[in-house]
Amino acid sequence: MNDGRVSEYQFYEFLAVDRPLGHEQLAELRKLSDTARITPTSFTDSCHGDTFAGDVTAMVEAYFDGFLQLTSSGSRQLALRLPARLLDLATAQRYCWADPADAYQAGEHVVLTFGSDDPDEEKTLDGDGWLASIVGVRQQLAAGDHRALYLAWLAAIQSGEFGDDATEPPVPAGLADLTADLRNLADFLRLDPLLLDVAAEHSASVDAAGPDPDEVRDWVTRLPDGDTADAVIRLLGVDGHLVRAELLRRFRSERGQPQPTTSGTRTVGDLLDAAETARSAI
């Protein structure tokens, strides 16, 4: 008998970025749903209630580099998987160590999980394309850019997960000049723009043009022949998109030019109070 209650609607999307899925993997995924749109690089499904048969955590750890979930109750969940050689767990956990921003190691990967809940907000459940607009932050993280981690930490303090006396982690450069992927991540996490503006006051500027081409050319010519050949071979392979991030990370390290950060000296209370002061001045 219908009791008048409407079951929760859920939207799921998974992306395989580093490597497309093989036939056996696709067959295993098809067992989870008769309605999902499944390709070698994606899995998209929607359902009512708890009828989704997949184990999201297991699917991310085994197959996918990105995951997004939306629900009609106002919950948003995001997961990003990166090779641990490109983002070590200790670094990730300086910003993310408990819900709604967590990081853990699964085999050769580090998995980042972010969440946001707002049961009072008007729900937009057409999530198609949203994950694709965010997943590019993986490459930025792989190159040593930790702005995505800091944004997740800001969203966590905004939701009240930390006491006012907690101190902020290192502040990455470029918070005042976010890439499109990072802006989409901030929107997904419902990050208060005023809180982000306050945080950006202690963030160094970053050169959006990237490293000087002459410096890069000089560095490349000095690479051992074997390293150069390996890089070219991998650029032509399935994970070629990550090679740029790896080389940029190595270039900065060997040139003594790590991605700049500022020591975190403010408390959670400082940041939240400054955001409220800015709001009252509008």
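This is a predicted model: local features need pLDDT of at least 70, side-chain atom pairs count only at pLDDT 80 or more; totals for chains, interfaces and linings use all residues.
Tyr-12 is buried, because its relative accessibility is 6%, and the cut-off for that label is under 20%. The chain has 282 residues, of which 45% count as buried, and its secondary structure comprises 12 helices and 9 strands. Among contacts between residues at least 6 apart in sequence, 78% join residues at least 24 apart.

**Aromatic rings**

- A pair of aromatic rings is described by two things, the distance of the centres and the angle of the planes.
- Searching the whole structure turns up 11 aromatic pairs.
- A charged side chain meets a ring elsewhere: Arg-76 lies over the face of Phe-188, at 5.9 Å from the ring centre.

**Where α6 meets α12**

- Two packed helices are described by the angle between their axes and the distance between the axes.
- Helix α6 (residues 147-158) and helix α12 (residues 268-280) have axes that come within 11 Å and cross at roughly 80 degrees.
- The two helices are therefore roughly perpendicular, since crossing angles of 65 to 115 degrees fall in that class.
- Which residues make the contact? From α6 come Tyr-150, Trp-153 and Ile-157, and they meet Val-268, Leu-271 and Leu-272 of α12.
- By class, the contact of α6 with α12 has 6 nonpolar residues, with no polar and no charged ones.
- Trp-153, which takes part in this contact, is buried, with a relative accessible area of 2%.

**A buried glutamine**

- Gln-140 lies in helix α5, which covers residues 137-142.
- Is Gln-140 buried or exposed? With a relative accessible area of 15%, Gln-140 is buried.
- Setting aside neighbours within four places in sequence, Gln-140 is in contact with Asp-145, Arg-147, Thr-179, Asp-181 and Leu-182.

**Backbone details worth a look**

- The peptide bond running from Asp-99 to Pro-100 is cis, with omega near 10 degrees.
- Pro-100 is found in the loop between α3 (89-92) and β6 (101-106).
- Arg-190 is not a glycine, yet its phi is positive, at about 60 degrees.
- Where does Arg-190 sit? Its place is the loop between α7 (180-188) and α8 (193-200).
- Arg-190 counts as buried, because its relative accessibility is 15%.

Technical notes: Residues are numbered from 1 along each chain as its sequence is written. Side-chain values use heavy atoms; hydrogens and water are left out. Rings of Phe, Tyr and Trp (its six-membered ring) pair if their centres lie within 6.5 Å; planes under 30 degrees apart count as stacked, over 60 as edge-to-face and the rest as tilted. Buried means under 20% relative accessible area, exposed over 50%, partly exposed in between (1.4 Å probe, protein chains only). A charge sits over a ring if NZ of Lys or CZ of Arg is within 6 Å of the ring centre and within 35 degrees of the ring normal. Axes are lines fitted to C-alpha atoms, for helices over the stretch in contact, and angles run from 0 to 180 degrees between N-to-C directions. Helices (H or I, at least four residues) and strands (E, at least two) are DSSP runs, numbered from the N terminus. Angles under 35 degrees count as roughly parallel, over 145 as roughly antiparallel, 65 to 115 as roughly perpendicular and the rest as oblique. Contact means heavy atoms within 4.5 Å. Ala, Val, Leu, Ile, Met, Phe, Trp, Tyr, Cys and Pro count as nonpolar, Asp, Glu, Lys and Arg as charged, and the others, Gly among them, as polar.
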